[in-house]
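I set out to record what I looked up in this structure. The entries below follow the order of my reading.

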Amino acid sequence: MTMRLSPYLMMNGNAKEAIQFYEKALDAKVLFNQTFGEMPENPEFPLPEEAKDLVAHAMLKVGETDFMFSDTFPGQTSQSGDQVTICISINEIEKSKRIFETLSQGGEVKMPLQEAFFSPAYGIVTDKFGVTFQIYTEVEK
């Protein structure tokens, strides 16, 4: 089983600027960058015009570390102090479920662990200590 922890910054509409800044400051390499407008459309949840150019997900490589970014969706905000989350990348769905359920005890589920177009099991939970984790299950190959 493989597991990694990666810092994930949730930005308030300035993720593109932050990516450029950290790319220069940390000699980072952009591995992936996708806006909400570039994601597959979901007819049940039409995308607001103001969200189309916001960063849905980006990944930079800083040395050996993945450094991830996203803008908050319109209507949501992050405050200084809660914009940094920890992304746990796992390649086993059952392990993802167990970790998510354990972190949920006494905490708050922000997004239930569920299948997404980019992961067979993805969810967001803030644990009882106020630390927010994103559980990302990598597609098993």
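Entry 1. I looked up Asp71 and found that Asp71 is buried yet has no salt bridge, the nearest side chain of opposite charge being Lys16, 7.1 Å away. I took buried as under 20% relative accessible area, exposed as over 50% and partly exposed as in between, with a 1.4 Å probe and protein chains only. A salt bridge requires a side-chain nitrogen of Lys or Arg within 4 Å of a carboxyl oxygen of Asp or Glu. For charge, Lys and Arg count as positive and Asp and Glu as negative, while His and the chain ends are not counted.

I noted that the model is predicted, that local features need pLDDT of at least 70 and side-chain atom pairs pLDDT 80 or more, and that totals for chains, interfaces and linings use all residues. Residues are numbered from 1 along each chain as its sequence is written, and side-chain values use heavy atoms, leaving out hydrogens and water.

Entry 2. I asked what lies by the side chain of Asp71, and found the backbone nitrogen of Gly13 at 2.9 Å from one of its polar atoms. Asp71 also touches residues including Met10, Asn12, Phe36 and Leu54 (contact: heavy atoms within 4.5 Å).

Entry 3. I turned to helix 1 (residues 15–25), whose buried residues are Ala15, Ala18 and Ile19. Seen down the helix axis, these fall within an arc of 100°, so they line one face; the arc is taken from the directions from the axis to the C-beta atoms. Glu17, Gln20, Phe21 and Lys24 are exposed on the other side. Helices (H or I, at least four residues) and strands (E, at least two) are DSSP runs, numbered from the N terminus.

Technical notes. A polar contact is a pair of N or O atoms within 3.5 Å; within protein, one must be able to donate a hydrogen and the other to accept it, and residues adjacent in sequence count only if both atoms are side-chain atoms. Lists of a residue's contacts leave out its neighbours within four places in sequence.
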